[in-house]
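Please look over the model below with its aromatic side chains in mind. My notes follow it.

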Amino acid sequence: MRPIRTLLALAVLPLALAAPAVAAPQTTAAPTVEEQRLDRAAPQEILRRSGFDDVAPDFARALSRVRSAAEAERVITREGRAVWRRAVDRAQGRGPAGGDLSRGDDRPLYWARLGMTRALGQWRPGFPLTDARRAALLRTLERTSRGQDSIDLPAGRHVKRIVVTGFDPFQLDADVRRSNPSGAAALALDGTTIRTDDGPARIETVVFPVRWADFAEGTVERTLLPAFRPGPRRVDAFMTLSQGRAGRFDVERTNGAWRGGYPDNANVSRTETVPIPAGVPTPHPQPQWTTTTLPYQRIVAADTGPVPVYDNTTVTEIPAGATAPVVRSDGPTPGSTARAGGGGDYLSNEIAYRATLLRDAVGLKVPGGHLHTPVLQFGPGNTDPTTGQITDPDFVHNRETITAQVRSILTVVVDTTR
């Protein structure tokens, strides 16, 4: 309610002289830890040499023309989907390369998205925009620019449906040049088809952030649940991917319900039982362990490529009745408490745990689980982040080798869905 004297003063003003309405000042979001890395030399070079340096400026201009929150939702959805499709097309050789950076590189999408989120955080629209509505728009941008709302699995009995997930680059404070081969594989495989003796298998992919908070809020379950529910477009197999150890692939046999606290891309740590968001199907009580249904024996035995593939059965547990964690090479014992799955206690283990837990909750009886890729390494002489280049021939070759072997491993998985 306005003070009485203000109302009286306005009442005696001629209508033509009445003071114009003034929009409430808009608050903006401070740049996030991830966004602050954007101004370093390597990210800027990656954007420039891929042609993705126009993404954030074009997005900011599109926002400047928006006149309502509803229009903002439409524009952000359109622009988010466009940058995802542009990254997929570039990785798969469609359209202009935009620069001399190799096409299969996942980093242009990562850094371009951060430019978009920073522009959205600094946007001052000419209409009221609450912090809550801005946060909702940010979630829309994250979802659309990661392919999470565009999983398009075909219906029909004569085609197999496969979902694959990857991750953003991480550990960027140690080396801001880093790529993530799982994200690169996701871009290379999205919308592609594997031909088998039993017919085609369609692959749809998404990329997830390396942030504890997004996982706690349900980004994995929200993305995968439509493809996991019964219906004509239900998946026939799924595989979560992340970067693991140097020189090897690992099929992770067991996943644990524990967050070990390693800092994420926002430099946030979480040490706790994996939190399950409200409103999604989940078993009760929450299990400490979930198990892969990928055909690990066949994968390990198959000739999928030059890098060895292992069936990793190691876990870290607190045995029933004990208090100290122990490492076991043969999986968990009955009644034990998880402290690390085969994939560790970071977000790679967590996405495997969440995806397989959701699989079990909805009664999905298909091959599914986690594959750790080798570390994507720069070539000899290019390992120092302070003096090294953003790319080199060995780096490109290593990424292409990993992506090709992921595809071969997926072919083995598809052959078990007969």
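1. Basis. This is a predicted model, in which local features need pLDDT of at least 70, side-chain atom pairs count only at pLDDT 80 or more, and totals for chains, interfaces and linings use all residues. Residues are numbered from 1 along each chain as its sequence is written, and side-chain values use heavy atoms, with hydrogens and water left out.

2. Ring pairs. Rings of Phe, Tyr and Trp (its six-membered ring) are paired if their centres lie within 6.5 Å; planes under 30 degrees apart count as stacked, over 60 as edge-to-face and the rest as tilted. The count under this rule is nine aromatic pairs. One of them joins tyrosine 110 to tryptophan 111, edge-to-face, at 4.8 Å centre to centre with 75 degrees between the planes. Tyrosine 110 is buried at 2% relative accessible area, and tryptophan 111 is buried at 1%. Buried here means under 20% relative accessible area, exposed over 50%, and partly exposed in between (1.4 Å probe, protein chains only).

3. A further pair. Tryptophan 123 and phenylalanine 127 are also edge-to-face, with 5.8 Å between centres and 75 degrees between planes. Tryptophan 123 counts as buried at 8% relative accessibility, as does phenylalanine 127 at 10%.

4. Cluster. Phe170, Trp212, Tyr262 and Tyr346 make up one aromatic cluster.

5. Charges over rings. The criterion is NZ of Lys or CZ of Arg within 6 Å of the ring centre and within 35 degrees of the ring normal. Arginine 339 has its charged end over the ring of tryptophan 258, 3.7 Å from the centre. Arginine 248 lies over the face of tyrosine 310, at 4.0 Å from the ring centre.
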